[in-house]
Amino acid sequence: SMAWGSMVDCLLTCPPEQFGEEFTISPHASYRTTAAKDWKLEQESLGKTIITEDQKEQALLAADVVKNKHRYSAAMVEKSKSQVLLMQRINHPLADKPVGLKGLVDFAPENEPFLVDLKTTRDFSEGGFAKTIAKFGYAVQGAHYLGLWNLQNPNDQRHRFQIIWQDSAPPYEVAVTEIPE
């Protein structure tokens, strides 16, 4: 499931050529032969995630729903900077020197008071979203990103954090929620 989310994220937030740098389609149906095992080890040593052609096609369909079929998410993606690196050094009360913090926000829409992150999920329901937010600490992630953004961009303060949720199963439905301030 992490590979799935990473594929969709890459298709939506990165230059097109980066997909080929991060993912490779396996020419092997299994890894029982020595040649197949060697190929797999080589790809993994290069840092590539091995996928199937079908997985790539499904990820392209999912990205298309976010980018073109769901009006609100499409508008956000279109008018956003993507993969915005947030870095800042802060004084921490328990540290004797500044501590480095960083984050990588998926979308920073222009002229909006919020930041946006993309999440894929198997439990595509309001209750599922709430459980996932709690389980993975997405409220903390949102606060972290907003704090870093506001330190780094004093003339563009943001106070809201939205999530584009995408069902990880066809037809790859999309919903957008906001974590309360």
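Analyst: Happy to. Buried means under 20% relative accessible area, exposed means over 50%, and partly exposed lies in between. Keep in mind that this is a predicted model.

User: What makes strand β5 largely enclosed by the rest of the structure?

Analyst: Strand β5 covers residues 114-121, and seven of its eight residues are buried, so the rest of the structure largely encloses it.

User: How do you know that β5 and strand β6 pair?

Analyst: Two strands pair if there are at least two bridges between them. β5 and β6 (residues 160-167) have eight bridges, in the parallel sense. One of the residues to look at is D117, whose bridge partner in β6 is I163.

User: Why is S73 called buried?

Analyst: The cut-off is under 20%, and S73 has 0% relative accessibility, so it counts as buried. S73 belongs to helix α5 (residues 71-78). Setting aside neighbours within four places in sequence, S73 is in contact with V65, V66, I164, V174 and V176.

User: What makes E112 and K79 a salt bridge?

Analyst: The rule asks for a side-chain nitrogen of Lys or Arg within 4 Å of a carboxyl oxygen of Asp or Glu. For E112 and K79 the closest N and O atoms are 2.5 Å apart, and the pair forms a salt bridge. This one links distant parts of the chain, 33 residues apart: E112 sits in the loop between β4 (99-109) and β5, K79 in the loop between α5 and β3 (80-90).

User: Why are E112 and K79 called partly exposed?

Analyst: Partly exposed is what lies between the buried limit of 20% and the exposed limit of 50%. E112 has 22% relative accessibility, so it counts as partly exposed. K79, at 34%, therefore gets that label too.

User: How do you know that K119 and D117 form a salt bridge, and are they buried or exposed?

Analyst: Their closest N and O atoms are 2.6 Å apart, against a limit of 4 Å. Both K119 and D117 are buried.

User: What makes R160 and E178 a salt bridge?

Analyst: Here the closest N and O atoms are 2.7 Å apart, again within 4 Å. The pair links distant parts of the chain, with R160 in strand β6 and E178 in strand β7 (residues 174-179), 18 residues apart. R160 has a relative accessible area of 23%, so it is partly exposed. E178 is at 34%, so it counts as partly exposed.

User: How many salt bridges does the rule give?

Analyst: The count comes to six.

Note on methods. Residues are numbered from 1 along each chain as its sequence is written. This is a predicted model: local features need pLDDT of at least 70, side-chain atom pairs count only at pLDDT 80 or more; totals for chains, interfaces and linings use all residues. Side-chain values use heavy atoms; hydrogens and water are left out. Buried means under 20% relative accessible area, exposed over 50%, partly exposed in between (1.4 Å probe, protein chains only). Helices (H or I, at least four residues) and strands (E, at least two) are DSSP runs, numbered from the N terminus. Contact means heavy atoms within 4.5 Å.
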